[in-house]
Amino acid sequence: MFAALSGNLEVTRLMLEAGARTSAVNTVGRTASQMAAFVGQHAVVSLINNFFSRDDLDYYTKPQGVEKEAKLPPNLADCVHKLILMSNLNPVKIILHVQENPESQDELVTIARLLDTLCTKFMKQSETNEVMAMKVHYQGCVLREANKWLVEKNDTLQNLMKYFLKGREKDGFPVAQEKFLRLSIRSFPYHESELLQQIVHNVAPVTVGDDPTALSILVSAINGHQSAAAENQCYTCGDLQAEKKCSACKKVKYCGQACQKLHWFTHKKICATLKAEFLKEQELAEKMKQQTLEEQEGKDIQTIHVVMYN
Ligand SMILES: [Zn+2]
Ligand SMILES: [Zn+2]
């Protein structure tokens with residue numbers, strides 16, 4: 001609790017690894033995560049809300065009870081554990097993770113089934129964890145989509161990422177990604193879940209293409225509010241602290257060249273429009289600056305007059 005309040009990430013992580021109960025409440029009935037959110041320690045909130053120990057996962061790599069086979073092949077435990085701890089929920093980021101772990105590609109349905117099992121566990125355990133239940137459910141949806149593209153469509157993960165990134169003509173908004181997110185959220189099997197109702201309540205009134213996106217609503221429900229960091233997000237994968245900009249329009253940011261390359265097929269269609277917008281904004285800002293300067297000079301001259309004639 002104190003580690004969470006002071007925002008000490010490393011200490012919080014060590015305590016979680018050692019088995020600190022994240023649902024334990026303090027004297028005013030608040031969990032460590034809620035208290036950390038209250039004092040603005042968002043990184044800590046995200047860490048606590050997304051924690052799942054390796055031991056808890058390793059349990060599923062051995063056959064249990066009457067099972068002939070374990071739910072999770074042991075060689076996938078690393079990849080799956082990293083997935084579950086990921087706080088970036090952008091579907092492109094999840095597909096990139098699958099791409100980086102080729103051994104997972106033949107077992108996407110197995111992993112998705114394990115995530116279903118975990119979802120049930122998070123909902124049915126004595127201290128319900130709706131946040132993790134929603135998260136693993138959503139990740140399972142992305143993996144099933146990946147399997148659909150690889151097996152049923154005999155297509156590639158590269159094309160699936162492009163499908164998620166393709167922007168509509170007028171403003172580059174990725175409509176398919178938004179629709180996928182909405183469907184995935186709605187397919188959460190526990191309809192009575194308060195978290196589900198809260199997310200749907202926030203998503204439903206928004207027209208597809210407007211802000212906030214279903215992804216940003218899901219992210220803030222799972223990780224706590226991260227609005228301050230959102231402006232530095234990679235346009236492709238959603239990683240934070242993206243520092244590279246498209247050199248032409250300077251309107252979109254990327255975490256690196258690979259993400260910029262992956263986005264270019266769709267960004268190139270609106271890059272020129274965005275560039276014109278950027279130049280207009282700059283021109284306007286320049287004019288405002290000039291105006292303020294002139295006003296300031298005018299005042300200075302008046303002051304001089306006043307000084308001279310007094
Ligand atoms: Zn990126
Ligand atoms: Zn551009």
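Let me start with a helix pair: α8 passes α9 in a left-handed crossing. A crossing counts as left-handed if the near helix is turned anticlockwise from the far one by less than a right angle, and as right-handed if it is turned clockwise. Helices here are DSSP runs of H or I with at least four residues, strands are runs of E with at least two, and numbering goes from the N terminus.

Some ground rules. This is a predicted model, with local features requiring pLDDT of at least 70 and side-chain atom pairs counted only at pLDDT 80 or more, while totals for chains, interfaces and linings use all residues. Residues are numbered from 1 along each chain as its sequence is written, chains are lettered from A and ligands numbered from 1 in the order written, and side-chain values use heavy atoms, leaving out hydrogens and water.

Now the overall picture. The protein has 16 helices and two strands. Of its 310 residues, 39% count as buried. Buried is under 20% relative accessible area, exposed is over 50%, and partly exposed is in between, using a 1.4 Å probe and protein chains only. Take the contacts with a separation of 6 or more: 62% of them join residues 24 or more positions apart. Contact means heavy atoms within 4.5 Å.

Back to the helices. How do α8 and α9 pack? Their axes lie 8 Å apart, at an angle of about 165 degrees. That makes α8 roughly antiparallel to α9. On the cut-offs, under 35 degrees is roughly parallel, over 145 roughly antiparallel, 65 to 115 roughly perpendicular, and the rest oblique. Axes are lines fitted to C-alpha atoms, for helices over the stretch in contact, and angles run from 0 to 180 degrees between N-to-C directions. The α8 side of the contact includes Leu108, Ile111, Leu115 and Phe122, and the α9 side includes Met132, Val136, Leu143 and Leu150.

Next, α6, residues 77–85. Its axis and that of α9, residues 130–152, come within 10 Å and cross at roughly 125 degrees. That makes α6 oblique to α9. This crossing of α6 and α9 is right-handed. From α6, Leu83, Ile84 and Leu85 make the contact; from α9, Met132, Lys135, Val136, Gln139 and Leu143. Buried in α6 are Ala77, Cys79, Val80, His81, Leu83 and Ile84. Their cover includes α5, α7, α8 and α9.

On to α13, residues 214–223. Eight of its ten residues are buried. Among them are Leu215, Ile217, Val219 and Asn223. Ala214 is also on that list, and Ala214 is in contact with glutamate 178. So is glutamate 178 itself buried or exposed? Glutamate 178 is buried, at 4% relative accessible area. It lies in helix α11.

Most residues other than glycine have a negative phi, and most peptide bonds are trans. Here, the bond from aspartate 211 to proline 212 is cis, with omega near -5 degrees. Proline 212 lies in the loop between α12 and α13. Asparagine 154 has a positive phi of about 50 degrees. It is exposed, at 67%, in the loop between α9 and α10. Glutamine 241 has a positive phi near 60 degrees. At 65%, glutamine 241 is exposed too.

Last, the metals. Which residues hold the zinc ion, ligand 1? The donors are the SG atoms of Cys234, Cys237, Cys255 and Cys259, 2.3 to 2.4 Å from it. Donors are N, O and S atoms within 2.8 Å of the metal, or 3.2 Å for Na, K and Ca; water is not among the atoms, so sites may look incomplete. The spacing is C-x2-C-x17-C-x3-C. The angles run from 103 to 114 degrees, which makes the arrangement tetrahedral. Four donors are tetrahedral if all angles lie between 85 and 135 degrees; four are square planar and six octahedral if opposite donors are over 155 degrees apart and all others between 65 and 115; anything else is irregular. Cysteine 255 is partly exposed, at 34%, while cysteine 259 is buried, at 7%.

Zinc ligand 2 has Cys246 (SG), Cys249 (SG), His267 (NE2) and Cys271 (SG), 2.1 to 2.4 Å away. Cysteine 246, in the loop between β1 and β2, and cysteine 271, in helix α16, are 25 residues apart. Cysteine 246 is buried, at 3%, and cysteine 271 is buried, at 6%. The donor spacing is C-x2-C-x17-H-x3-C. Angles of 104 to 119 degrees make this arrangement tetrahedral.

Terms used. Lists of a residue's contacts leave out its neighbours within four places in sequence.
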